[in-house]
Amino acid sequence: MKKIIASVVAVTIAFGGLALPAAESGLSFSAAISASADESTAADFNYTVLSDGTLKITKYKGKANNVVIPETIDGKKVTVIGTRAFYDYTRKNSLTIPSSLKTIEDNGFHYFSFDSVFIGSLKQWCELGNNPECGTIFVNDVKLTGAVNIPNGTERIGDSAFYNRGEITSVSIPDSVTSIGYHAFAKCGNMMSVKMSNKVQTIGEGAFSDCEKLTAITLPDTLTEIERDAFANCYKLEKANIPSKVKVLKACTFESCGSLKNVTLSEGLTDIEKEAFYNCYSLSSIKFPSTLKTIGYHSFYRTSLTRAELPSGLTTIGQEAFYMCGSLQSVFVPKSVDSIGMWAFSAGSDDSKLFYEGSEASWIKIGGSKAFPDGCEFNVVYNYDPNHKHSYTTKITKQATCTAAGEKVLTCSICGDSYTQTIPAKGHSYGAGKVTKQPTCTAAGTREYTCSSCGSKKTETIKAKGHSYKTSVVAPTYEAQGYTLHKCSSCGNSYKDNYTAKKTVGKAAGNGFTCTATSVNFGWNKVANASGYKIYAYNTSTKKWKLVTTVSANTFTYKQSGSKSGTTYKYKVKAFVKENGKTYYGESSDTIVTTTKPAKVTIKSASVSKTAVKLKWGTVNGANGYRVYRYDSASKKWVTVSTVKDGKTVSYKESKLKSGTSYKYKVKAYRKVGGNTYWGTASAVKTYKTK
Ligand SMILES: [Zn+2]
Ligand SMILES: [Zn+2]
Ligand SMILES: [Zn+2]
């Protein structure tokens, strides 16, 4: 069946975080013409419909530089990229993978490579398998680099998922992962550590090969299969373990792990395949599990093993299994061995011994006569009794010094087995040393040590002690701010902080006055801490303020006598504090305006008619007006006849009086200052009789 899809559907495709119309993304939806049977065609893709109703892309025919795989084609989800669906030798700019994609079949991207790949989740990337080759992976638009934490819930790491990703420095694989695929992390040349899933069951071929910076790997007990080359060429790998469910250590598992020193093989292991530890030239010792049956070809070729205590039950030792092992001193071969390959062992020295549990005849029968290459023969001890109790005597062949390790050789007086042990360097005996320079608060000191054993000297720096600040609070004065003083009790260094404001003398404020015609008496409010007050009066002729008196702290009034009546007197008050022989002044009060009362009026004369009396009185200094009173004989009260609102008007005429009648008058002057009215004393009463 061949379908031609001619309709162009409006589709937007997520690309690098931007939603671009299909046309701009470079994805062409032009009608296609070539498709095989069972295949359908839409735009740049041929596809088949899978049994679950989703699509497998079988062929990409587009030429876009930015390749976008759509989430759906013709309304169906894209889940699989078929084998060789993408086939091209030219490198492309980018690939965008839809969240629907679950599987990439073998060689799905045959020769296809990209500068960048955009994908929505790291879990999806891990589980795809056969991941396309690319320069940079963007997960949700974030560049994958550095420490990679694979999200929990990820079930597997697919084939080549992180192949050749130099940007990864470490990886954490969650416990949800049970399988790690072929070359999954191969050639991650900067990956220094791997946190392994504790539930992993299988590790694929070469999964961690060529991880040149990986230093250690810890494998969990759930692991059953490790495929060949899994850790090959991990030059920095020093430590590894093979858990007990792994029965076969596959070929080249640790090949050329030149730093491998510490490897634990668990009980349960039956076979060590060829070249498993080939060229692990730092490997100087290993304990073989008792379950071991076969040791393969070249399996320990070019290691630095000194002893090989092969377990009872071992049957086969492969060709050149321990060849080129220049340190090999002692080899123990059990009776169970029925086949030894050619040149299986090369002796480390002329004294190297091989202890065989069987007879010379059976040694020859199992291939022993060809077991050593020419010039590297062992001294074979036949009929070795594995059950005898070794009785080793120790001979120190090199004394350890402070800095250099020594050596001792242990030799069994019964069987002749001997091996060399290292005596660790003693280290210097420096004792407590001597202080040659005391540290100060800020400068380091020194301590010198001399080794009592070799005389070697070393100098140590004694850290500066740092200041021992004690704090004290200094109160403010009228001269200076207060502060907290931090002073070092050791060296005297000091600094200040938490400053508080200088003390100040408050500003005095007047609180009113009383007065007579010849005196004023004004008061002011107490100023805190004042030692006394200075009183200043304003001299109207010199136009200057003049100190009139100084009063004590408990005086809050000042009375001036002998003053002129009806006159304004201005004062100021200034508080002061005496402290430590010095006097500090506050701000002067606002001007206190006072006045004396106007003087007593003197009625001088009156002109009288039948119905009127016109009073005349003398001018009163400072008066703003006068009030004229007449005695009302009916009510027996003084009544106001008139208020003369002018200090210069000194007469008043009362009319409409009865003739031939006596009238009593008196007059008061008044003065207005600051909104208040100050009354003078009433004049003497004068009586006038109308005509
Ligand atoms: Zn012995
Ligand atoms: Zn020493
Ligand atoms: Zn100090």
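Is His388 buried or exposed, and at what relative accessibility? At 16% relative accessibility, His388 counts as buried, because buried means under 20% relative accessible area, exposed means over 50%, and partly exposed lies in between (1.4 Å probe, protein chains only).

## What you are looking at

This is a predicted model, in which local features need pLDDT of at least 70 and side-chain atom pairs count only at pLDDT 80 or more, while totals for chains, interfaces and linings use all residues. Residues are numbered from 1 along each chain as its sequence is written, chains are lettered from A and ligands numbered from 1 in the order in which they are written, and side-chain values use heavy atoms, with hydrogens and water left out.

The pLDDT is the predictor's confidence in each residue, from 0 to 100. The protein chain has a mean pLDDT of 92, with 95% of its residues at 70 or more. Over residues 1-35, however, the pLDDT is below 50, although this stretch has 57 contacts in the model beyond near neighbours in sequence; a contact means heavy atoms within 4.5 Å. Where pLDDT is low, the predicted coordinates should not be read in detail.

## Zinc ion, ligand 1

Let us return to His388. Its NE2 atom is a donor to the zinc ion (ligand 1), together with His390 (ND1), Cys412 (SG) and Cys415 (SG), at 2.0 to 2.3 Å. Donors are N, O and S atoms within 2.8 Å of the metal (3.2 Å for Na, K and Ca); water is not among the atoms, so sites may look incomplete. Along the chain, the donors of this zinc ion (ligand 1) follow the spacing H-x1-H-x21-C-x2-C. His390 counts as partly exposed, at 29% relative accessibility.

The four donor atoms around the zinc ion (ligand 1) subtend angles of 98 to 126°, so the arrangement is tetrahedral. Four donors count as tetrahedral if all angles lie between 85 and 135 degrees; four count as square planar and six as octahedral if opposite donors are over 155 degrees apart and all others between 65 and 115; anything else is irregular. Ideal angles at a metal are 109.5 degrees for four tetrahedral donors.

## Zinc ion, ligand 2

The zinc ion (ligand 2) has Cys402 (SG), His428 (ND1), Cys451 (SG) and Cys454 (SG) as its protein donors, 2.1 to 2.3 Å away. The angles among the four donor atoms are 96 to 113°, and the site is tetrahedral. The spacing of the donors along the chain is C-x25-H-x22-C-x2-C.

Cys402 lies in the loop between strand E34 (392-398) and strand E35 (406-412), and Cys451 in the loop between E38 and strand E39 (457-462), so this pair ties together parts that are 49 residues apart in sequence. Helices (H or I, at least four residues) and strands (E, at least two) are DSSP runs, numbered from the N terminus. Both Cys402 and Cys451 are buried.

## Zinc ion, ligand 3

Cys441 (SG), His467 (ND1), Cys488 (SG) and Cys491 (SG) coordinate the zinc ion (ligand 3) at 2.1 to 2.4 Å. Here the four donor atoms subtend angles of 96 to 114°, which makes the arrangement tetrahedral. Cys441 sits in the loop between strand E37 (434-437) and strand E38 (445-450), and Cys491 in the loop between E41 and strand E42 (494-500), 50 residues apart. Cys441 is buried, with a relative accessible area of 7%, whereas Cys491 counts as partly exposed at 44%.

Strand E41 (residues 482-488) also holds His486, which is buried with a relative accessible area of 10%. The side chains of His486 and Asp497 are joined by a polar contact of 2.8 Å. A polar contact is a pair of N or O atoms within 3.5 Å; within protein, one must be able to donate a hydrogen and the other to accept it, and residues adjacent in sequence count only if both atoms are side-chain atoms.

## Stacked rings

The structure holds 49 aromatic pairs. One of them is Phe185 with Phe208, stacked at 5.2 Å centre to centre with 10° between the planes. Rings of Phe, Tyr and Trp (its six-membered ring) pair if their centres lie within 6.5 Å; planes under 30 degrees apart count as stacked, over 60 as edge-to-face and the rest as tilted. Phe185 is buried at 0% relative accessible area, and Phe208 is buried at 0% too.

The rings of Phe208 and Phe231 are stacked as well, with centres 5.4 Å apart and planes at 5°. Phe208 lies in the loop between E21 and E22, and Phe231 in the loop between E22 and E23, 23 residues apart. Phe231 counts as buried, at 0% relative accessibility.
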